[in-house]
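Hi everyone, thanks for coming. Let me put the structure up, and then I'll talk you through it.

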Protein chains: 2
Amino acid sequence: MFFEGSEKKVEVIVNDSISSLRSLGRDFWVEMVEKANAKIISEISNDFCDAYLLSESSLFVWDNRFLMLTCGTTTLIESIIYFIESQNERVIDFFSYQRKNEYKSNLQVTSVEQDLERLREFLPIKAYRLGYLDSHHHYLMHYDKAYKPLEADHTSELLMYHIRGEVAQYLRSENQTVEEIRKHLCLDTLFSGFELDDFTFSPYGYSVNAIKGDKYATIHITPEENSSYVSLETNLNINEEYKFICEKIVSILMPTSWDIVHFDAKKTVIKTNIQSGAHCHLDLSCGYEVIFSHHQDSQHSQLPIVNL
Amino acid sequence: MFFEGSEKKVEVIVNDSISSLRSLGRDFWVEMVEKANAKIISEISNDFCDAYLLSESSLFVWDNRFLMLTCGTTTLIESIIYFIESQNERVIDFFSYQRKNEYKSNLQVTSVEQDLERLREFLPIKAYRLGYLDSHHHYLMHYDKAYKPLEADHTSELLMYHIRGEVAQYLRSENQTVEEIRKHLCLDTLFSGFELDDFTFSPYGYSVNAIKGDKYATIHITPEENSSYVSLETNLNINEEYKFICEKIVSILMPTSWDIVHFDAKKTVIKTNIQSGAHCHLDLSCGYEVIFSHHQDSQHSQLPIVNL
């Protein structure tokens with residue numbers, strides 16, 4: 001059994017020429033999600049944000065911003081084009097599209113190159129691959145347009161591969177409950193005060209959206225032995241004051257390797273020594289700096305052998 | 001510019017029910033190579049072996065054995081099926097088919113799973129993936145039939161990714177000569193007494209077949225920046241008396257990461273500590289033991305950023 005946990009991600013910030021993304025209405029977002037071959041399965045809201053849990057990952061909609069993540073073999077590129085065509089590219093101040101390291105890129109409906117070609121029909125796009133092609137790498141495409149993000153604007157992604165240990169074992173077992181999973185992941189402590197919306201998939205797999213004011217976090221777990229993948233995505237600053245979240249989740253899930261991607265409003269002082277692993281740093285023309293780092297459990301020298 | 005240097009490899013040992021593979025004649029092998037969408041560009045022979053240099057890698061034919069390697073998007077599976085259909089599976093005592101870690105598996109004509117399904121229409125096949133799906137890994141399929149290889153039967157593969165330094169730079173330059181490349185790679189010293197047959201491709205790329213008695217070595221270089229790949233394949237025992245070959249080539253080409261695959265006649269004592277990197281060991285039902293190991297230059301913590 002194979003499921004591609006690794007997500008594609010789109011993030012868009014709109015300008016005043018559109019009143020509010022939330023006022024586009026639920027039907028609009030239902031349609032947009034369907035373009036990717038996903039479905040809304042649950043939702044929560046607060047004064048700032050509508051958070052949709054999807055059959056494949058998540059969608060968060062704020063008044064001037066949205067973020068959509070989809071995994072498996074979903075076609076997020078179609079959702080993006082639907083958004084641009086129905087709302088017009090003039091409403092867009094910032095746009096980024098990412099494709100994370102896939103286990104089996106040959107099973108995807110479109111390649112990164114094809115997605116890039118489609119996007120360039122609509123917007124001037126800068127595109128990068130971060131990392132080696134034969135190791136973890138990350139594709140990043142963004143609207144080549146100057147933008148000035150707020151100083152506190154940061155999002156982080158923690159992407160974990162090959163989880164091990166007791167909690168990994170539980171996540172692969174049958175008859176899990178959301179309560180037990182929350183407890184194992186220490187969600188009540190790590191995301192204290194957040195409203196949670198979570199779901200267990202059959203035979204396994206877990207997704208949770210968490211919101212508190214304008215802050216969000218979302219975790220998606222694909223626990224399948226030999227191709228397990230867990231992502232944590234948040235706009236809490238896990239690079240600084242919320243560093244413990246990252247450390248705790250890694251210590252619970254014991255991945256064999258993991259990546260961290262930070263998007264931050266560009267600062268004059270470039271951070272150094274933040275990452276222990278192999279890394280790279282990129283200043284984008286759209287006002288953000290991005291840091292990609294790849295980490296491996298150095299204790300782990302026994303490679304797996306899998307029967308086909 | 002992207003070229004998939006990584007090879008697919010088939011190795012077959014036949015029994016007495018066929019007189020000699022070499023006597024099948026050149027036309028047979030021309031046809032077989034064409035099935036993979038490759039071409040013979042040069043050849044050398046000695047009393048033991050016909051060694052063909054191909055437009056995509058190499059073919060070696062002994063009386064009771066052949067080995068064919070093809071890179072790029074060649075369809076080696078079609079050559080294999082052509083061999084089985086024209087010669088009958090009864091002539092086969094040993095069969096193995098490998099697909100190495102590809103940079104861009106999505107560009108291949110067939111997936112590993114599809115190749116496996118095709119093969120199983122003809123032979124009972126055991127198949128394995130060695131290594132993590134998100135890191136270097138190696139697919140190995142073999143005929144599930146007892147076979148007793150000669151004690152001195154070993155083949156080794158050294159697969160190098162992201163070559164660096166002066167020699168790498170030369171290999172990427174224009175107007176290279178085979179003489180200069182031989183000198184840079186120290187071929188005359190490393191393969192002293194071997195007959196060499198080599199070729200430089202345009203704009204770059206280099207292949208060499210080397211034979212001496214029943215021994216062979218072959219090196220294929222795809223030097224393209226950001227997706228460089230070099231393979232060395234030999235039946236010299238680079239695990240023991242010819243260990244210096246491996247060390248010398250790695251020190252010349254300075255790959256960021258490399259894999260070593262050893263195939264040896266099964267011995268009662270299992271080797272330990274042969275590899276410094278992450279590794280795995282497998283005893284095959286066809287009489288060989290295989291060791292796969294993955295190595296990384298630990299000094300190399302800066303990840304590349306590539307414009308798309």
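This is a predicted model: local features need pLDDT of at least 70, side-chain atom pairs count only at pLDDT 80 or more; totals for chains, interfaces and linings use all residues.

Putting chain B and chain A together buries about 3,900 Å², and 58% of that comes from carbon and sulfur atoms. Which residues of chain B lose the most area to chain A? Those are Tyr132(B), Asp134(B) and Leu308(B), and together they make up 21% of what that side buries.

Okay, how are the two copies arranged? If you turn by 180°, with a shift of 0.0 Å along the axis, chain B lands on chain A with an RMSD of 0.0 Å. That's the relation of a two-fold axis. Both copies use the same surface here, as 100% of the contact residues of chain B recur in chain A. And if you want to find the axis on screen, look for Asn106(B): out of the residues of chain B, its C-alpha comes closest to the rotation axis, at 1.9 Å.

Now for charges. Side chains of opposite charge can pair when their charged atoms come close. How many salt bridges are there between chain B and chain A? The count is 2. Here's one to click on: Lys104(B) with Glu113(A), at 3.0 Å from N to O. Over all chains, the structure holds 42 salt bridges. Another of them pairs the side chains of Glu31(A) and Lys35(A), at 3.8 Å, again N to O. Glu31(A) and Lys35(A) sit about one helical turn apart, because they are 4 residues apart in helix α1 of chain A, residues 26–35.

Next, a pocket. The second largest pocket has about 630 Å³ of space. It's lined by 34 residues, and the ones nearest its centre are Ser105(A), Glu102(B), Tyr103(B), Lys104(B) and Ser105(B). What is the lining like by class? We get 9 nonpolar, 13 polar and 12 charged residues.

Last bit: the backbone. Most residues other than glycine have a negative phi, and most peptide bonds are trans. With that in mind, have a look at Ser202(A) and Pro203(A), which are joined by a cis peptide bond with omega at about 0°. Pro203(A) is in the loop between β10 (195–200) and β11 (206–212) of chain A. Over in chain B, the bond from Ser202(B) to Pro203(B) is cis too, with omega near 0°, and Pro203(B) lies in the loop between β10 and β11 of chain B.

And one for phi: Asn37(A) has a value near 65°, which is positive in a residue other than glycine. You'll find Asn37(A) in the loop between α1 and β2 (40–45) of chain A.

That's my tour, so over to you for comments.

Note on methods: Residues are numbered from 1 along each chain as its sequence is written. Chains are lettered from A and ligands numbered from 1 in the order in which they are written. Side-chain values use heavy atoms; hydrogens and water are left out. On a 1 Å grid over the protein atoms alone, a cavity is a set of points where a 1.4 Å probe fits but cannot get out, and a pocket is an open set with protein on both sides within 12 Å along at least five of seven lines; lining residues have an atom within 4 Å of a point. Grid points are joined across faces, edges and corners, and a volume is the space filled by probe spheres set on the points. Ala, Val, Leu, Ile, Met, Phe, Trp, Tyr, Cys and Pro count as nonpolar, Asp, Glu, Lys and Arg as charged, and the others, Gly among them, as polar. Copies are superposed by least squares on the C-alpha atoms of residues with pLDDT of at least 70 in both. Contact means heavy atoms within 4.5 Å. Buried area is the accessible area (1.4 Å probe) that two parts lose on being put together, summed over both. A salt bridge is a side-chain nitrogen of Lys or Arg within 4 Å of a carboxyl oxygen of Asp or Glu. Helices (H or I, at least four residues) and strands (E, at least two) are DSSP runs, numbered from the N terminus.
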